[in-house]
Structure formats: C-alpha cells, structure tokens
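Please keep the sequence and the coordinates at hand while reading.

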Amino acid sequence: MVTEPRLSTRRLGKRYGQLVVLESVSVDFAPGSLVAVTGPNGAGKSTLLACLAGVIGHTGEVLVNSVPAGPGAIAYLPQRVQFPANVLVGEVLDLFGGGSGVPAGFIPDRGRKISELSGGQRRRVAVAVSVGSEAEVVLLDEPLANLDDQGRSEVVAILDSLRARGTTVVVASPTVVDLLTMVDRVLVVAEGGITFDGPAGRYFAGIKTGIWVRGTLPEVSRLIADRRAVGEWQVLSCREDRAAELISTLLASGVAPSDIRLGGPDEGSRRGSGPEV
Amino acid sequence: MRGLARFETRAILRGRWATAATVALAVVATVITITGLGSFRQLGLGSIGPAAVGLLNLALLLPTGQALLMAAMTVASNREGGLYAMARARGVRSSRLVASAWWAATLSAWTSIAGGFGLVAFILALNVPLADLTTFAALIAVSMAAAATAAGLGALVGTLVATRLQAAMLGLGAWFVWAIGLDLVVLGLGVFSQLGATGLVMATVANPLQAGRILALLAFDASATILGPVGAFLVDSAGRGLAALFLAGVMVAWTVATIWLGAAVLHRRDL
C-alpha cells in the first residue's frame, strides 16, 4: 500500500531578484516522519521552510494531503522570533494555542513577562507555541538555536513525541548532530536544490572530512580507524557504516552536541560543507 | 487566533510610550485649560478662544501622531519579529492581522484621550456652562475619530516597510505631511482661491486629518475665517449638517481604505 504524502512540493521555486535560491524542488514528506533539512548557510534551508509554510511567495505548489494547505494545517517556527516585550508567557501561549505538547518545566512560568526572559527561554516559548498546536505539519527553523544542552535534548524529545502522534515534522538546522538518533531522513539543500535525500545513516556515512570532537574523548576506539589532533579538536575517522553509531556513542557518553562537528569546526558556515555523496 | 487584537492591545498599553503619551496629553491639556480659565475667566468653547484653539490642536495632533506611530510600529515589529509569519502559516488572513494592529493602536490612542482629557473634563465641569461641555464632548469624539483614521494610515505604513525603525521614520513623516505639511504647502502656495469647488472638495478628501479639524471646528460656533476656505465652502454649499456628514464620511472612507490597502500589501509581501 502506498501512503499518500502528508506534505509535498511540486516544482517549487524561489528567487530574490536575479538570485535563484530554490529551483524546481519536488519533494514529499510522509505522515509521522521527522525530516532534517540541512546545508551550509545561505543555501536556502529557511527559504524552503518559509515556502512550505506559505509565508513567502514562490512558484510551484505546496500541498498538504494533496490539496493546498487549509487554516491550522501547518505550524511554523521562523528562524527569528520576537514576541512583544510587554506580554506574558501565558498570553503568548494562549494566542497560539500552544504549550500543551511540552513537558512540565520546559517553558518559563506563565506569569513572567517576555522582557524578563533570556534568549534561550524565549526560544523555548517559541518552540512550545509551535509544537503545541493540532497542526498536521510542524515546520521548525533552527529550533535548537540559543538553547543549552538540556534544552536541546528536551526539544529533541518533544520532536520525537510529535512524530509518535503522527505529525509530520520538518526541522531546518545547519547541524544535525542532535537529531541523529531520531530523524527518519536528511535533506541537504545547496545550489538551488536538494543535493542529498536519504536516511541519516547514509548522510553521516557520506562525510569524508571526519568527525570533529572537542574536549575529553570517551572510549570509542573500537569504532574509529584513525584519530588526529587539530588544536582543541580530535578528528576521528571511521568506517562509513559506523559513523552513525560513533556519533550516537559520543552523545550517549555525555559529549555535548555543540562539541561535535561534521566536516570541521566551522560546519555549516562554509558553502558546500555537507557530505560528499 | 481570536485574541490577536486583545494580545496586541495589551502589548501596546503596557508599553512606556502609551503611558508617556497619556501623561503628556494630560499635562499639556491641563495647562492649556487652567491658563485659559485664568486669563479669560472662561474657555470660550462656545466660540473660538485661545484656550479652545489650543485644546483643539492638541486633541487632533497628539492622539493622531500616537495612533499612527503605534499602528505602524506594531505591524512592522510583528512582521520583523516573525509573529505574522507564524500566524499566516496557520491560515490567519492578512486583513485580520492589519485590522488587529489598527484596533490595538486605536484603543491605545482612545485610552490616552480618555486619560489625558479626563482631568480637563473635570476642571471644565466646575467652571464652564453646560453648552460648553457639549462642545468639549464633540471635540473629544472628533479626536477619537481622527485617531482611528490615523491608525489606519499607520497600519498601511507598517506594511510598506521592513523594520520597526523604518516604520517610526516613515510614520513620523506621514503624520507630519497629513497633520501639518499639506496645510503648509497649500497655504504657502496660496492656491485656495484658484482651486474651485471641485478642487476644494478634493483638498478635503485628500487629507483626512484636515477633515477632522474642520469637523471639530464645526462643533464650535466658528466663523468662516476660522473654518478656512474648505470648511466655509462646505458649510456654504451644503449646510452644517451635510458638511459634517461629508467630513465624517471622508474619515471613515480613509480608515476603511487604508486598512484594506494595508491588508492587500501585506498579503503580497514575504513575511
């Protein structure tokens, strides 16, 4: 039986003046799937999500359940969200109907003003607003930005629970280390299109430049073929089919996601830093 | 999303700018009133006295500036801060977004008018005849209508710019043009005598805040000199009642048109 895609694009295109950001992108997202959209800065990750959300003009089609998206079908978290400073956390949550899908303690007290919150706490509120709705599709642009390690792992758990209840979740992020253990699929956006589309294991296996780890390295010698030091970083090489397991082991051993880079310490900041596939 | 207007109203009313505008309005209005009472033993609201002119200008200039800037900056910051993107993704229409910002800015200005002129109303109640109080109430009503019209202009301005700062700059410019600039240009060029009937009507239609000013003056027992060429022409050709109706219609039309146009612009823009 073929499952009808929950979200799909047909020949999606977007250009800013002469600059072509996306060109004829056709891609399907299954119900209850969690997809990471990654790629270097400026490649078009955020533009792709904004097109999917219907908040910017584009050519081509975006369909939810094979028809144009209706009200309430999509929840969208932009890369940069700034709520009015004088409103309360609870008022923001009430406005968007959010806050129900997150664990206790994830969001600050409902009675606190937005202006009293740190950047990370504001991001938590924004994530809670986005994931707490009844939308069938949730689009999150860098939901892990500004969050500490605990916050990042809490968001990862929230995304997992969203998928479990059948929501299609698309997450844009320049790095996907945090999402490794759970994403169903990775899309790499570059040069106006999708340059990689496959499972996370194949994505990590395609990384030719090594896995860079900062700080104390846990016991992973059985998984690596070679290691060398570059400044404060350890560059690990391994068999392609063991890359995913190596990263999972590093995370499980307590290495912070921010201390792991794929393709170098400036992962995500250079054009073309994605895996060579 | 039903509470969007309520949400934005809270955001504006809790801000220091709304408080500052209310305090400024209250202080200046009270000073004008007390000075008028002290100098002339009566405010001259029934006709046009110095204090009445001061209150009229204050009631039309400050609340309209406040409403225009608040609306422009609310729309711009909601767009800049991603709030509109989140709302549109959920199917909230642009007309609702713009109308919510307009309503919030209008309520903010109305709150300032109520707070700012509340003390003045009390002082007047103790010192002037009842007829003057009716005139004062009419002035406040016109001030509220003008603020609502200015908020519509502000909402449109907010949809045209990319940032809060641009909204503040363009909003100030727009307020200056409508509140003062157009008058100065027309007076400076001395073109009233050459405009003719159609030109005079068009001059009123083109400037809703000027329409509000003439409407307020109609509440007083104003002479043709005070009403100005446009006001005098309207009263002369249509009578006071129809002239007032026409001027109120101009303000309503501008309010509806600017909100509609703002929604159309926002609908076409990337958020």
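**Strand pairing, helix packing and the chain contact**

In chain A, Ser8(A) stands opposite Leu63(A) in E4(A). The model is predicted, so local features need pLDDT of at least 70, side-chain atom pairs count only at pLDDT 80 or more, and totals for chains, interfaces and linings use all residues. Residues are numbered from 1 along each chain as its sequence is written, while chains are lettered from A and ligands numbered from 1 in the order in which they are written.

Helices (H or I, at least four residues) and strands (E, at least two) are DSSP runs, numbered from the N terminus. Two strands are said to pair if DSSP finds at least two bridges between them. Strands of a sheet pair through backbone hydrogen bonds, either parallel or antiparallel. The pair of Ser8(A) and Leu63(A) belongs to strand E1 (residues 7-16) and strand E4 (residues 59-64) of chain A, which run antiparallel and are joined by 5 bridges. E1(A) also pairs with strand E2 (residues 19-29) of chain A, in the antiparallel sense and over 7 bridges. In this second pairing, Arg15(A) stands opposite Val20(A) in E2(A). E1(A) and E2(A) form a hairpin with 2 residues between them, and Gly17(A) in the turn has a positive phi of about 65 degrees.

Further along chain A, 4 strands form an open sheet in the order E12-E13-E11-E14, with antiparallel pairing. Strand E12 (226-230) and strand E14 (260-262) of chain A stand at the edges, each with a single partner strand, so one side of each has no neighbour in the sheet. From one strand to the next, the twist averages 25 degrees. E12(A) pairs with strand E13 (residues 233-237) of chain A over 5 bridges in the antiparallel sense.

Helix H6 (residues 243-252) of chain A lies across strand E11 (211-214), E13 and E14 of chain A, and runs at about 10 degrees to E11(A). Axes are lines fitted to C-alpha atoms, for helices over the stretch in contact, and angles run from 0 to 180 degrees between N-to-C directions.

What does the secondary structure of chain B come to? It comes to 10 helices and 0 strands. Of the 271 residues in chain B, 51% are buried (a residue is buried if 20 or more other C-beta atoms, placed from the backbone, lie within 10 Å of its own, exposed if 12 or fewer, and partly exposed in between). Among contacts in chain B between residues at least 6 apart in sequence, 81% join residues at least 24 apart; two residues are in contact if their C-beta atoms, placed from the backbone, lie within 7 Å.

Two packed helices are described by the angle between their axes and the distance between the axes. The axes of helix H3 (residues 50-80) and helix H5 (residues 94-127) of chain B come within 8 Å and cross at roughly 145 degrees. H3(B) passes H5(B) in a right-handed crossing (left-handed if the near helix is turned anticlockwise from the far one by less than a right angle, right-handed if clockwise). Residues making this contact include Met70(B) of H3(B) and Trp102(B) of H5(B). By class, the contact of H3(B) with H5(B) has 12 nonpolar, 6 polar and no charged residues (Ala, Val, Leu, Ile, Met, Phe, Trp, Tyr, Cys and Pro count as nonpolar, Asp, Glu, Lys and Arg as charged, and the others, Gly among them, as polar).

Finally, the contact between the chains takes 19 residues from chain B and 23 residues from chain A. On the side of chain B that touches chain A, helix H1 (4-13) and helix H4 (83-89) of chain B each supply at least two residues. The largest share of that side, 5 residues, comes from H4(B). The residues of the side of chain B that touches chain A divide into 9 nonpolar, 5 polar and 5 charged.
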